[in-house]
Amino acid sequence: MNKNILLTGFMGTGKTTISHELHRMARMEEIDLDAYIVEKTGCSINEIFEKQGEQFFRNMETESLKEILNKTGLILSCGGGTVLRTENVDLMKQNGKIVLLTAEPQTIYERVKNNNERPLLNQNMSIEYIAEFLEKRKSAYFQAADIIIRTDGRNIADICQEILNKTGKAFGKI
Ligand code: S3P
């Protein structure tokens, strides 16, 4: 049974934007994994990384994913690193279709350069760094994905329609 749409992809590939539009178009409930963790801990993502470290954040990601995926009919926007843990991917595969959003390093840079809420990019804001980082994660993203959607230069509504068409098969009808 595939009951949820699970959005993944590197930082800046458009997960949040696409999630909002999917919510509007399909009237499915929308949850953002990072926002859920911020609410659960009462700390920003930057504060969690600074004070508790990345491992703590990754454990919170897994714990939160388990809690959230008790529900169905969701659009869940995951963090850029969520699919790096096999345990998370297994959980996601059991509970929905994993939609990978992709974008070129240049596109990602343009989308994230003025934002300082991403601890893993804050000190390293450059196209070169993003390209290297993306390369290291590429195989994890592609292995986890059920559906792959390129976002560069594309209209948000078109991307969402494609996602709904492709995941619609899994739902029967959304
Ligand atoms: C991360 C991506 C972030 C957030 C955290 C770690 C990552 O989410 O979960 O800063 O490891 O790629 P977004 O992809 O929504 O920016």
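A polar contact here is a pair of N or O atoms within 3.5 Å. Keep that cut-off in mind for the first stops; the model on screen is a predicted one.

Start with the ligand and select Lys15. A polar atom in the side chain of Lys15 is 2.7 Å from an oxygen atom of the ligand. Next pick Asp34, where a polar side-chain atom lies 2.8 Å from a ligand oxygen. Then go to Arg58: an N or O atom of its side chain is 2.7 Å from an oxygen atom of the ligand. The ligand taken alone exposes 390 Å², and the protein buries 94% of that.

Now show the shell around the ligand. Its 13 residues include Lys15, Asp34, Arg58, Arg118 and Arg137, which come nearest. Coloured by class, the shell has five charged, five nonpolar and three polar residues.

The ligand sits in the largest pocket, whose volume is about 670 Å³. Of the 31 lining residues, Met11, Thr16, Asp34, Glu117 and Arg118 are the closest to its centre. Select α1 (15-26), α2 (33-41), α3 (45-52), α4 (54-68) and α6 (105-112) in turn; each supplies at least two residues of this lining. The lining of the largest pocket has twelve polar, ten nonpolar and nine charged residues.

The last stop is the second largest pocket, with about 170 Å³ of space. Select Thr102, Ala103, Leu134, Lys138 and Phe142, the closest to its centre among 14 lining residues. Both β4 (97-102) and α7 (127-144) supply at least two residues of that lining, and α7 gives the most, with four. By class, the lining of the second largest pocket has eight nonpolar, four charged and two polar residues.

Terms used
Residues are numbered from 1 along each chain as its sequence is written. This is a predicted model: local features need pLDDT of at least 70, side-chain atom pairs count only at pLDDT 80 or more; totals for chains, interfaces and linings use all residues. Side-chain values use heavy atoms; hydrogens and water are left out. On a 1 Å grid over the protein atoms alone, a cavity is a set of points where a 1.4 Å probe fits but cannot get out, and a pocket is an open set with protein on both sides within 12 Å along at least five of seven lines; lining residues have an atom within 4 Å of a point. Grid points are joined across faces, edges and corners, and a volume is the space filled by probe spheres set on the points. Ala, Val, Leu, Ile, Met, Phe, Trp, Tyr, Cys and Pro count as nonpolar, Asp, Glu, Lys and Arg as charged, and the others, Gly among them, as polar. A residue is near a molecule or strand if one of its heavy atoms lies within 4 Å of it. A polar contact is a pair of N or O atoms within 3.5 Å; within protein, one must be able to donate a hydrogen and the other to accept it, and residues adjacent in sequence count only if both atoms are side-chain atoms. Accessible areas come from the Shrake-Rupley method with a 1.4 Å probe; for residues, only the protein chains shown count as cover. A molecule sits in a cavity or pocket if more than half of its atoms lie within 2 Å of its grid points.
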